[in-house]
Number of protein chains: 2
Amino acid sequence: MKKDLSTEEKILNAAKKVFLTKGMDGARMQDIADEAGINKALLHYYFRSKDKLFEQIFMEVASAFLPKIFTILESETTLFQKIELFCSEYISQEIKTPYVPIFILNEINRQPKAFLKKVLGNHKPPIQKLLVQIEKEIKAGVIKPIEPLQLLMNILSLCIFPFLACPMIQLITGMDNKQFNELMEQRKKEVPQLIIQSIKK
Amino acid sequence: MKKDLSTEEKILNAAKKVFLTKGMDGARMQDIADEAGINKALLHYYFRSKDKLFEQIFMEVASAFLPKIFTILESETTLFQKIELFCSEYISQEIKTPYVPIFILNEINRQPKAFLKKVLGNHKPPIQKLLVQIEKEIKAGVIKPIEPLQLLMNILSLCIFPFLACPMIQLITGMDNKQFNELMEQRKKEVPQLIIQSIKK
DNA sequence: AGTTGATTTAACCATCCGGTTAACAAAGTT
DNA sequence: AACTTTGTTAACCGGATGGTTAAATCAACT
């Protein structure tokens, strides 16, 4: 396995792998210890409890994923540019870390309120700006009238779902990872095209 | 709770509720017993093990959900009609049973091969027909050229994702169930419109 | 009423699992 | 070298959890 890493790094890598694939409930401390090639007691020496360790992994994963997205949504560019940038950034990110979406989704399901507090702190979710921008563009006659929330859902759906369903898709179609990723690369352009075409006047 | 149901029905209802919301790993036999208002030993009297009980629930849930979908995909109608019918049927179904999609998704993740075998048996996944139909329509010049798999992913994404992300959406927007369902009702027409518009010449 | 078979329960068992302890080893520090 | 701090391990602990058992209750039939 990993060799010259510090014990703490070995643990974090192992924990990330196990938590991402099995989720909080399905993960066993022993699994993580095995994966890291160390004694189980050492886990508790470095991270006092399973909860603490999970928390650390969760924050690491979440804060590598969400801020980029939020930044784009809150940026000052035009709506169309925003959509293009968001889709291609999001999909790139997901290709690199394919297990993250379902991990996050399940965590939201497990404890919705705790999740929000953890990832947003006291901030508001950064979608208000986008929704207002959409409404403005509608009133200005730049795009067709549409429920802003529907538009946002469409964007998120098209970007995220394929990664959530990746195992199923690969299973049904017999694709391997490489083929799947090629499809996803295509989507970086196709999704924004589809979205923009649907709202452009 | 439920009153005049047979014990077996009480158990199945309780198990469905608990498994759907907490998943196999997160569910406790005691939870199910409590939910059904019975003794834990009675669970094992009716269903020998947690695995057996889960299996039963899983099959019940899956076979209430998937066949309808498959039938539509394999029917003989035109592509456009198929898309319209599929989206509206699928979304209707999900409104009734909102926890099912994430439940199924997680089960696929947990044991992909076992899942396929369970829900398909020896059959082939019924998407081949649709993919061929799409290719035909492209060659016939009825719709724009598109990778058939991309089209299928788009349809599934737009139909399923909102329900997967339902807790998050409700959390962020502050919607309640009723408002959310209204949005979904809208989608029954908007999603097929969006899809068809994107491929129509 | 008594017999029989299905249902239900309380109590129990064994194992799993998160977490602790105490002893030991390695690496500094003086 | 003696001592302290840090890292690591084997063994253990207690509670949770899936599962079992044996007795009690109920229902149907004679």
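What rotation and what shift along its axis superpose chain A on chain B? A rotation of 180° with 0.0 Å of shift does so, at an RMSD of 0.1 Å, the copies being superposed by least squares on the C-alpha atoms of residues with pLDDT of at least 70 in both. That is the relation of a two-fold axis.

Before the tour begins, note that this is a predicted model, in which local features need pLDDT of at least 70, side-chain atom pairs count only at pLDDT 80 or more, and totals for chains, interfaces and linings use all residues. Residues are numbered from 1 along each chain as its sequence is written, chains are lettered from A and ligands numbered from 1 in the order in which they are written, and side-chain values use heavy atoms, with hydrogens and water left out.

**Stop 1: the axis**

Select A:Ser157, the residue of chain A that comes closest to the rotation axis, with its C-alpha at 2.6 Å. The same surface serves both copies, since 98% of the contact residues of chain A recur in chain B; contact here means heavy atoms within 4.5 Å.

**Stop 2: the interface of chains A and B**

Next, select both protein chains and display their contacts: 43 residues of chain A touch 42 residues of chain B. The two chains bury about 3900 Å² between them, 72% of it on carbon and sulfur atoms; buried area is the accessible area (1.4 Å probe) lost when the two parts are put together, summed over both. Ten is the count of residue pairs in polar contact, given as 10 with both residues at pLDDT 80 or more. A polar contact is a pair of N or O atoms within 3.5 Å; within protein, one must be able to donate a hydrogen and the other to accept it, and residues adjacent in sequence count only if both atoms are side-chain atoms.

On the side of chain A that touches chain B, colour α1 (7-26), α6 (100-110), α7 (112-120), α9 (148-164), α10 (166-173) and α11 (177-199), which give two or more residues each. Helices are DSSP runs (H or I, at least four residues), numbered from the N terminus. The largest share, 11 residues, comes from α9(A). By class, this side has 26 nonpolar, 10 polar and seven charged residues.

**Stop 3: DNA strand D**

Move to DNA strand D and show the 14 residues around it, of which A:Thr7, A:Tyr46, B:Met29, B:Lys40 and B:Lys50 come nearest; a residue is near a strand if one of its heavy atoms lies within 4 Å of it. The helix α3 (40-46) of chain A and its counterpart α3 (40-46) of chain B each supply at least two residues of this surface, and α3(A) gives the most, with four.

- A:Tyr45 has an N or O atom 3.0 Å from a phosphate oxygen.
- A:Tyr46 has an N or O atom 2.9 Å from a phosphate oxygen.
- B:Lys40 has an N or O atom 2.6 Å from a base oxygen.

**Stop 4: DNA strand C**

Finally, select DNA strand C, where the closest of the 14 surrounding residues are A:Arg28, A:Lys40, A:Lys50, B:Thr7 and B:Tyr46. Here α3(B) gives the most to the surface, with four residues. At B:Thr7, an N or O atom of the side chain is 2.9 Å from a phosphate oxygen.

Note on methods
Nonpolar A, V, L, I, M, F, W, Y, C, P; charged D, E, K, R; others polar.
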